[in-house]
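Please keep the structure open while reading.

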Amino acid sequence: MTMTDDPATHLDSAGHMGRPRLRREDPALLTGEAQFIDDMSLHGEIWVGIVRSTEAHATILGVDGSAALEIDGVTEVLSGADLAPLWGEGALPCAWPVTDDMRNPAHLPVATSVAKYVGDAVAVVLATSRYAAADGAAAVSVDYDPLPAVVDIEAAVADGAPLVHEDLGTNESYTWPLIPNPEAVDEAFANAAHVVSERFVQQRLIPAPMEPRGVVAAPGVASGELTLYSATQIPHILKVMTAVTLGIPEHKIRVVAPSVGGGFGCKLNVYAEEILCSALAMDRGVPVRWTESRSEAATATIQGRGQVQHIELAADDNGKVQAVRVKLLADMGAYLQLVTPGVPLLGGFLYHGCYDIAHYSFECTSVFTNKTPTDAYRGAGRPEATYAVERAMDSLAVAVGVTPEEIRSRNFIAADAFPYESCAGLIFDSGDYQTVLDKAVEMAGLDGVRATQAQRRADGSNRQIGVGFSSYVEMCGLAPSRVLASLNYGAGGWEAATVRVLPTAKVQVITGSTPHGQGHETSWSMIVADKLGIDPDDVEVLHSDTAISPTGLDTYGSRSLSVGGTAVFMATDKVLDKARLIAAHQLEANEDDLEYVDGAFQVKGTPTAAVPFAAIAFAAFTAHDLPDGMEPNLEAHVTYDPPNFTFPNGTHIAVVEVDTDTGDVDIVDYVAVDDCGNQVNPMIVEGQVHGGVLQGAAQALYEDAVYTEDGQIVTVNLGDYLVPSAAEAPAYRVASHVTPSPTNPMGVKGIGEAGTIAATPAVINAVVDALRPMGITDVAMPASPQTVWRAINEAQGGAS
Amino acid sequence: MESITLAVNGTERNLEVEPRTLLVHALRDDLRLTGTNIGCDSSSCGACTVLINGQSAKSCTMFAVQADGADITTIEGVADSDGTMHPMQQAFHEHHALQCGYCTPGMVMAAISLVEEYPDLDDQGVRHGLEGNLCRCTGYQNIVNAVLAVAGSGSKGSES
């Protein structure tokens, strides 16, 4: 570990929490025993192959399945019209109508008359095998009459733009403003000594978890039940939405997420294939399954980002920012998926970054295009906001004539200002941003790096050095239900947990969180074990199956520990409360005179009079001698609704070397100092930072969902879409600073998205820093060798 | 259909496959060895890596009939029969070199082969040696550390 600030010292615990603990999840995953969705096989199953539109926008004149039906194993070819009776009016759900007048076109699982993006499902093949389904889908002939497509979001709002949805009369879905005091913002800009005005493009990203999606829907013919297995982050939400969409009674639906091979937000959705397979399974009375291919995933699974950002800062002559003004254009794609419209708004409260800025103006206009829908992707709105403000702060530093670290220091929210009410209306929980930045500067050896940079510049080297800062704060731990209500979100933000003590004093924890790589089984067992004074290996953690864990709101938005973990923590407290009553009864003592030490209740100061936890567990089970009126068994359930978001923060510093002959960028050092509050398992925290940073750096340097002008996607597989390998990945140096969150009893915040939020601007600020002496002030993402070389060549007066 | 014989994890298996059946599908669907995963359709990700006659290979990139007569080791075949994990599996566990675990079987197989072939690996050697195996969760640093630990320990194990 490279922690410079031992997280264990911040927890009131002599136990496991705060110390690295190897994961219990690993052995099954390491030996091939873990079952992912495509590993399943059900008797009598039929395979679905999906025919996807090859046109970005076209009228579907006809579907000809005759050639497909000639293929051995292909049993049926169904057009959207053939399938329409299976779902009737039921369209795919959007749970976040952010404004009352938001335009939300009906979104059928399979299009009936018009295909609206490349990849839009237009017909379905049923077959007896995986290969026959693929062969059949390839053999279906669809007659398209192409319509004009709108691909670019700025073009989509121009006069006379083709319309994605003709009946709406516009490509705009909604406009959402957050401008608490417009006059004050105008005044701040009128009086500013320095105004920075920038336009940034957030390219679309393909989430690309290593496991593509997959669905197996199994009907109970006699019972009318449906078991839906899906590679999903959200079995609980999917159950509700499947019931609502298909009219299947909710209590007849069981949703199971088996081992899930990563999600990063793209499995936080209700997809056409889940509804399609469920509807077909119930209709035909046989298991129906579909496994996504990687090429299919490029268009059938949501994409992330897709924004054009205009950000302005108004600062006084010391560089103290007085106001921030943002206008955002956000790409929804062709339809609104589960939380598509809400994603830009999750960043909409954070365009002032971690700075004490008095006045705020944010307005987002979201538009339809003939492309795959966007939705949540690691960070969801917050990486975009952080990118804009962190890039703009570097521009301000240049305007004021100070270093990037100095402009940040002059503007940070002070450590003594918490709880801090932001200009966007949030209450930030805790932090010490300056200390975090100082630690990062020290770890990076900034003076030495800057000396090397100066030497390379003086030498006219073709290997120029750049240093990039990114200081971030994010809102996570989604979320207080009442706040979600004020944002028009269609559900709450609580989480549920049950802690059940078995007769032999082993413990079952049932969590509503749905891990897909985060190691909740290990971390939750540490929480419970420490409170009960038992071994974590004696605590089993069950999840991801609504028959076992009926209540929950699942895993996304860095919410699992701060909301779901807190529910586990509180349920364990309730178990202890009941255990204390049993112990008091057995010891014939007043419960207030008892203390719980090393897994036993004892009368304070009298260790000889003690009842071990195991004895209480067995007594609760036999119920032979419980206090009058007490129910047998030792079990507690808690549903926890957080009073506030949590606000992880940090400073990351990227050092890059730019080859000015080729435009190649190499990250030569990467320092991350994060404050995610108290840490339960620092090993897992560090792993989340590593992976998050690479995902953020990948947006900066490698990844881009490329579309042609007529809406064809170019980057359909992992040969074209550059998910970085170990050869591109930098080494990370990670440390933490802990300011416990006062919002929850463990003082935790969240770390799942922080690395991704921080890394993108750190890397691009570093690239721009390397090239600034050439007069370069911006480099588009991804900063590929070609893009960087062109920027250099243009700056030197060459042709681009 | 073609009849082929594969020696999989030390056991001879006879099976009937279409000439176009990919090896990975023969392993997963016909032999029900589902530890070997599929992450792409362009031989880019390496999730399907197995050992064929001791050499790592992407099992989505060859037909099952091409492997007729070959010795194949999958992730199910690298631990000891008593369940003790292979040193590479153990190193991945101890270095937190996996999160969701989907790329892991392929990554472990590629790493076993890499360490066998290049005993004197350094950081860059591991990074370039595993360039054909993608991981979306870990950022690779802990994977590199796990592989280096096995390379440095001399406890590589022999699987072919």
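The points below are grouped by topic, after a note on conventions.

This is a predicted model, in which local features need pLDDT of at least 70, side-chain atom pairs count only at pLDDT 80 or more, and totals for chains, interfaces and linings use all residues. Residues are numbered from 1 along each chain as its sequence is written, chains are lettered from A and ligands numbered from 1 in the order in which they are written, and side-chain values use heavy atoms, with hydrogens and water left out.

**Helix pair in chain A**

- Helix α19 (residues 682-701) and helix α20 (residues 754-771) of chain A pack at about 45°, with axes 7 Å apart. Helices are DSSP runs of H or I with at least four residues, and strands are runs of E with at least two.
- Contact means heavy atoms within 4.5 Å; residues of α19(A) including A:V689, A:G692 and A:L701 meet residues of α20(A) including A:G755, A:A759 and A:V767.

**Buried helices in chain B**

- Helix α1 (residues 23-30) of chain B has 6 of its 8 residues buried, so it is largely enclosed by the rest of the structure. Buried means under 20% relative accessible area, with a 1.4 Å probe and protein chains only.
- The buried residues of α1(B) are B:L23, B:V24, B:H25, B:A26, B:L27 and B:R28. Their cover includes α4 (130-139) of chain A, along with β1 (2-8), β2 (11-17), β3 (49-52) and β5 (71-73) of chain B.
- B:R32, which follows α1(B), has a positive phi near 55°.
- In helix α2 (residues 87-94) of chain B, the buried residues are B:M88, B:Q89, B:A91, B:F92 and B:H93. They pack against α1 (26-31) of chain A and against α3 (104-117) and α5 (141-153) of chain B.
- Just after α2(B), B:H96 adopts a positive phi of about 50°.

**Aromatic pairs**

- Over all chains there are 13 aromatic pairs. Rings of Phe, Tyr and Trp (its six-membered ring) pair if their centres lie within 6.5 Å.
- The ring centres of A:Y355 and A:F412 are 5.8 Å apart and the planes are at 10°, so this pair is stacked (planes under 30 degrees apart).
- A:Y355 and A:F412 lie 57 residues apart, and the pair links distant parts of the chain. Both A:Y355 and A:F412 are buried.
- Ring pairs also join A:W176, A:F349, A:Y351 and A:F362 into a cluster.

Conventions: Axes fitted to C-alpha atoms, helices over the stretch in contact; angles between N-to-C directions. Buried < 20%, exposed > 50% of the residue type's maximum accessible area, 1.4 Å probe, protein only. Phe/Tyr/Trp six-rings, centres within 6.5 Å; stacked < 30°, edge-to-face > 60°.
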